[in-house]
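Here are a few friendly notes to read alongside the structure. Take them one at a time, and go back to the picture after each.

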Amino acid sequence: MSESGARLAPIAVVGTGTMGRGIAQLCAAAGYRTRLCDVDMATAEGAVEGIASSLQRRVAKAKLSAAERQATLDRLMACDDLTVAVAEVGIAIESVPERLDLKLQVLTKVRDAAPPDAILASNTSGLSITELGRRLDAGSRILGTHFFNPPPAMPLLELVRGMHTAKATIERGLALAAELGKTPIVVNDSPGFATSRLGLAIGAEAIRMLEAGVASVQDIDRAMELGYRHPMGPLKLGDLVGLDVRLAILEHLYREVGDQFRPPTLLRQMVRAGWLGKKTGRGFYRWTDEGPVPTDPRS
Ligand SMILES: NC(=O)c1ccc[n+]([C@@H]2O[C@H](COP(=O)([O-])OP(=O)(O)OC[C@H]3O[C@@H](n4cnc5c(N)ncnc54)[C@H](O)[C@@H]3O)[C@@H](O)[C@H]2O)c1
């Protein structure tokens with residue numbers, strides 16, 4: 001894959017799974033030469049092919065011209081060598097799995113190979129940006145860039161400021177959001193940032209309401225969908241994300257923030273039962289071929 005277009009310093013995206021490829025697509029579409037780096041060439045090239053197909057679907061729907069698609073693809077470069085990927089970049093965004101040790105390992109290599117003023121960005125959903133910055137000994141350049149799934153479609157970019165993050169780093173994050181057509185919010189590093197903390201507050205309360213017999217699964221979800229225009233109710237969202245994942249974030253928030261995030265007993269029981277939501281076919285809904293059917297998990 002060739003790399004063309006020299007308007008802006010290139011961006012490297014390290015980790016090209018669900019989120020990384022979407023972030024890379026966004027950056028390339030906005031005019032950035034974008035390197036997609038993964039553990040091997042086949043994975044990185046697979047991500048570029050995934051982007052090519054996704055853009056082709058937009059061309060078929062007349063939402064994008066064939067020339068724009070090609071121009072975006074021309075700005076992408078698949079790569080399995082992190083040193084090559086981060087050469088001359090203005091910003092490197094890691095989007096590898098949510099493990100502190102792995103993120104530190106990747107960001108250390110990025111720090112050592114990228115230009116000394118490059119922004120070191122992490123797409124973590126909840127790991128401490130302050131801790132990442134301290135352990136990298138590059139706190140002024142670290143920034144949380146929390147994108148939402150799927151990155152090309154979701155309008156929000158949550159920028160997370162660690163305790164050492166420089167003002168200039170935040171300003172570059174805000175400029176990036178503008179370039180990518182995203183609306184940014186700036187949040188101080190704290191457990192769950194703003195998005196996970198608010199989402200889990202509603203999600204946990206919805207489960208407690210179900211436990212207390214306040215309303216059915218369907219009616220609790222409808223309360224938020226029709227009363228507050230949420231595209232999806234909190235119980236169905238939990239099923240989609242995975243109830244084990246929701247429980248792990250709640251445990252973290254309970255430890256760090258306090259009692260309001262104590263995981264509901266029903267959630268623990270469902271996870272023990274293996275009812276994890278869509279991925280296991282059963283959660284607050286039964287996930288059938290015809291679509292989700294609300295169920296009472298206690299019956
Ligand atoms: N999935 C979501 O909805 C979502 C939403 C917001 C944020 N996040 C966060 O984004 C990050 C990535 O999540 P994902 O769902 O895209 O994960 P994923 O498992 O789909 O992709 C991770 C990618 O990283 C690659 N990788 C692993 N080790 C690597 C290494 N040493 N060097 C280079 N590449 C490596 C893997 O091969 C894989 O392609 C996580 O921190 C996650 O918490 C995920």
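**Notes on the fold and the ligand shell**

1. Start with the overall make-up of the chain: 12 helices and 10 strands. With 299 residues, the chain has a radius of gyration of 20 Å, close to the 19 Å from the globule rule, so it is as compact as a globular protein of that length. Please keep in mind that this is a predicted model.

2. Buried residues account for 42% of the 299 in the chain.

3. Now think about contacts along the sequence.

4. Where does the chain divide into domains? Domain 1 covers 11-188, and domain 2 covers 195-293. Four residues from domain 1 and four residues from domain 2 make up the contact. On the domain 1 side, the touching residues comprise three polar, one charged and no nonpolar. The centres of the two domains, taken over C-alpha atoms, are 29 Å apart.

5. Next, find the ligand. It is surrounded by 21 residues, and the closest are G15, G17, M19, S125 and N149. Two elements, α1 (18-29) and α5 (100-113), each give two or more residues to this shell. The most come from α1, which gives three residues.

6. Finally, what kinds of residue form the shell around the ligand? There are 11 polar, eight nonpolar and two charged residues.

Notes: Residues are numbered from 1 along each chain as its sequence is written. This is a predicted model: local features need pLDDT of at least 70, side-chain atom pairs count only at pLDDT 80 or more; totals for chains, interfaces and linings use all residues. A residue is near a molecule or strand if its C-beta atom, placed from the backbone, lies within 6 Å of it. Helices (H or I, at least four residues) and strands (E, at least two) are DSSP runs, numbered from the N terminus. Ala, Val, Leu, Ile, Met, Phe, Trp, Tyr, Cys and Pro count as nonpolar, Asp, Glu, Lys and Arg as charged, and the others, Gly among them, as polar. The radius of gyration is taken over C-alpha atoms; the globule rule is 2.2 Å times the number of residues to the power 0.38. A residue is buried if 20 or more other C-beta atoms lie within 10 Å of its own, exposed if 12 or fewer, and partly exposed in between; C-beta atoms are placed from the backbone. Domain bounds come from an automatic or database domain assignment. Two residues are in contact if their C-beta atoms, placed from the backbone, lie within 7 Å.
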